[in-house]
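Keep the sequence at hand.

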Amino acid sequence: MKFTINKAAVLGAGVMGAAIAAHLANAGIPTLLLDIVPKELTPEEKAKNLSPDHPLVRNRLSRQACEQLLKAKPAALYLPENIELITPGNLEDDLPKLAEADWIIEAVVERLDIKQALFEKVEKYRRPDAVVSTNTSGIPVNQICAKCSREFKQYFLGTHFFNPPRYMKLLELIPNQETLPEVLAFLKDFAGRVLGKGVVICKDTPNFIANRIGTYGMFATIRAMLDLELTVEEVDALTGSVMGRPKSASFRTLDMVGLDVLLHVAQNLRETLTEPAEKEIFTVPSFLEQMLANKWLGDKTRQGFYKKEKGQEPLVLDYRTMEYRAREKVKFNSLELAKNVEGLPNKLKALAFGEDKGARFAWRILKETLVYAANKLGEIADDIEAVDQAMKWGFNWELGPFEVWDALGVAQVAERLRAEGEAVPPVVEQLLAEGAGSFYQQKDGDRYVYDSVRKTFRPETIPEGVIFLAPLKEKGRVVKTNPGATLLDLGDGVLCLEFHSKANSIGADIVQMLQFAVKEVEKKYEGLVIGNYGRHFSVGANLMLLLMEAEEEEWDELDLMVREFQNANMALKYCLKPVVAAPHGMAVAGGCELCLHCHKMNAYAETYMGLVEVGVGLLPAGGGCKEMVWRAMELTTPPDELRVGGVNTAQPLINRAFQTVAMAKVSTSGPEAIKLGYMRPTDQITMYRERVIGDAKKLVLQMAQNGFRPPRPRKIKVVGSSGYAALELAIASMRWGNHISDHDALIAKKIAYVMCGGDVTPGTEATEQNLLDLEREGFLSLLGEPKTRERIRHMLATGKPLRN
């Protein structure tokens with residue numbers, strides 16, 4: 001049986017339904033978005049003399065949802081024009097259109113009777129081979145489809161997206177008792193490969209995996225806070241990144257999610273769980289009930305556990321007095337020790353095994369959450385890996401519960417539980433009885449996970465097309481390494497250059513490795529991928545090093561540094577073998593320039609690319625200005641010609657490229673990087689983060705098999721002095737309007753001078769080296785400016801740009 005999804009339909013245009021439709025549109029899937037027909041006309045509709053039968057009225061809710069998608073922050077769509085793939089409609093007139101959909105997703109209100117009634121209608125119009133799913137967050141999937149036919153049930157399952165779907169990786173799939181295995185397998189593959197989701201298979205139990213454990217953990221945290229009399233800010237200091245959780249920790253995260261959402265999940269758990277002791281866990285403390293009554297729900301009401309006042313530091317809630325106050329400094333010896341040790345396992349041990357009140361709190365919430373997760377294994381999911389992945393992908397934990405067991409030491413935690421008179425979970429006793437000391441093991445570079453059903457270890461699940469770099473190092477696939485980068489053999493004749501400096505900033509180590517990699521791949525390999533698994537691909541040059549050299553007035557050294565980076569990028573561009581960049585996250589400044597010189601890019605959909613040097617008072621000098629000019633000239637008709645029929649075809653394109661660089665525009669997605677000109681339309685986008693390097697490798701091999709040849713060096717005709725005059729006038733206008741500072745204007749003029757080819761006659765032929773020399777001169781002159789150094793110091797101190 002072969003499945004395909006060319007069209008989709010989402011039933012329910014609320015926040016979640018609309019966001020799911022947006023992400024389907026991001027993947028290029030035309031989607032029908034339906035909601036109920038409004039019962040009454042709005043004043044605006046009455047003013048337009050619209051009747052209740054008018055399509056604008058009947059489709060109002062889905063139309064408004066589409067309008068909201070265009071305003072959403074963070075953006076739900078990769079590009080605003082993706083909204084064109086979403087067709088608004090209603091659940092009365094447009095149900096027959098469901099016959100065209102390959103996947104129908106229900107996302108209406110969380111009421112069993114409403115969902116069942118809707119699916120009774122859907123079954124009348126659904127095509128027999130179409131997949132149907134519910135986005136319920138907690139209602140049993142088997143109950144939802146109970147009144148449907150057996151054939152319908154075979155194609156029906158739960159698809160629990162996490163909000164917002166574009167950014168949250170987790171998708172929980174919940175088959176019902178009749179779901180066909182091939183339907184489940186297809187949707188798991190499709191959701192990962194096409195939608196970029198991390199998929200886990202759950203059992204049909206209350207709130208599935210992530211919300212079950214996550215909500216338990218939140219209530220355990222609140223109970224411990226009350227019992228140990230900690231403050232809100234103390235809890236957040238202990239439960240943030242130092243514990244391997246998001247920086248927003250517990251209560252800042254809850255403010256973002258909304259207190260009402262947490263209490264809704266808790267209510268569902270109290271109503272659906274059967275064991276009295278477990279139901280009691282989710283009893284809501286009185287102060288949370290008071291917050292709900294006061295509508296202190298978090299960010300959506302501008303106050304929750306924290307209260308934000310414009311221009312002021314946020315206040316924090318004192319839950320004992322129910323009043324807001326200034327935040328207090330948090331001091332725990334265990335916390336300070338955890339912050340100062342390397343590696344999350346050591347941080348966790350410092351927190352959990354300390355002796356102060358902070359450590360007692362940390363041990364208690366970790367212990368209770370770990371025990372709960374272990375005791376629920378087999379009930380909510382059959383395998384340890386699914387539980388860990390759900391918490392990492394759905395709650396952004398750095399380690400899943402069973403990985404935390406390993407980090408703290410399974411035997412040590414079990415011994416302490418016994419000493420405190422608490423029961424050790426059966427799966428832990430089973431693991432220790434078999435002589436294993438951890439739930440995960442490393443062997444010959446591969447990772448194995450404990451299978452509690454078969455009582456053995458199995459290889460961890462790695463989706464097809466995924467290449468992890470760490471195991472390759474353990475398997476002896478390192479070609480060369482230095483403190484900033486490593487060259488690895490991916491197999492099949494393809495090398496991968498991995499950065500691993502701080503924030504993957506580009507320094508001498510990386511530049512040297514770039515030059516070595518080009519020579520090595522040209523000698524005996526098929527091609528090169530440049531990619532890594534850091535938080536960001538690369539944030540550009542090492543600013544501290546630049547500042548130190550400038551303060552010491554080491555201008556010859558700085559000139560050499562810039563020249564070496566330019567040469568390395570040019571070596572990439574003219575490498576005899578295909579070079580593919582695999583950017584993700586931030587690929588800015590020098591990181592962007594490096595990508596611009598590669599033959600192709602295979603970017604993660606969440607790639608934020610830009611030439612941002614103006615933020616620190618500089619201009620792109622690694623070939624960034626030059627490449628933006630070369631790419632602009634590719635669009636002239638005919639290429640490289642300044643005039644056609646007396647019309648200058650290059651100037652508008654140079655103007656656009658200049659604006660992109662001078663305004664430091666950064667793409668909000670991979671597709672927008674194409675729109676801004678950083679990527680070409682022929683470059684590729686990968687939705688699934690862990691497939692980016694694997695897809696880049698495939699692209700290298702494809703290019704090699706197609707007889708790749710590097711581009712030939714060519715000259716272009718620059719717009720010269722007249723082009724510069726036009727840009728200088730625009731810069732002056734911006735300054736006169738007080739939109740930019742004097743220093744901004746200086747930087748912009750330097751960029752314009754480079755991109756116009758200098759003070760030369762329009763139509764003068766220029767080589768790439770000509771523009772590289774202009775870049776370098778402009779960069780060094782700006783680095784000599786006191787205001788530029790002030791910007792660099794401010795960026796290093798605060799992480800934010802300074803306008804001066």
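Helices (H or I, at least four residues) and strands (E, at least two) are DSSP runs, numbered from the N terminus. This is a predicted model: local features need pLDDT of at least 70, side-chain atom pairs count only at pLDDT 80 or more, and totals for chains, interfaces and linings use all residues. Residues are numbered from 1 along each chain as its sequence is written, and side-chain values use heavy atoms, with hydrogens and water left out.

H19 spans residues 401-408 and is mostly covered, with seven of its eight residues buried. Buried means under 20% relative accessible area, exposed over 50%, and partly exposed in between (1.4 Å probe, protein chains only). Among the buried residues of H19 are Phe 402, Glu 403 and Trp 405.

Now zoom out. The protein has 34 helices and 27 strands. Its radius of gyration is 29 Å, close to the 28 Å that the globule rule gives for 804 residues, so it is as compact as a globular protein of that length. The radius is taken over C-alpha atoms, and the rule is 2.2 Å times the number of residues to the power 0.38. The C-alpha trace spans about 85 × 70 × 60 Å along its principal axes. Of the 804 residues, 55% are buried.

Next, the charged pairs. Side chains of opposite charge can pair when their charged atoms come close. The structure holds 62 salt bridges, each a side-chain nitrogen of Lys or Arg within 4 Å of a carboxyl oxygen of Asp or Glu. One of them joins Glu 92 and Arg 58 at 3.0 Å, N to O. Glu 92 sits in the loop between strands E3 (86-90) and E4 (103-106), Arg 58 in helix H3 (residues 55-58), and the two are 34 residues apart. Glu 92 counts as exposed because its relative accessibility is 53%. Arg 58, at 14%, counts as buried.

Compare another bridge. Glu 768 and Lys 626 pair with their closest N and O atoms 3.0 Å apart. Glu 768 lies in helix H33 (residues 768-783) and Lys 626 in helix H27 (residues 624-634), so the pair ties together parts that are 142 residues apart in sequence. Both Glu 768 and Lys 626 are buried. They belong to a network of salt bridges that also links Lys 573, Glu 627 and Arg 631.
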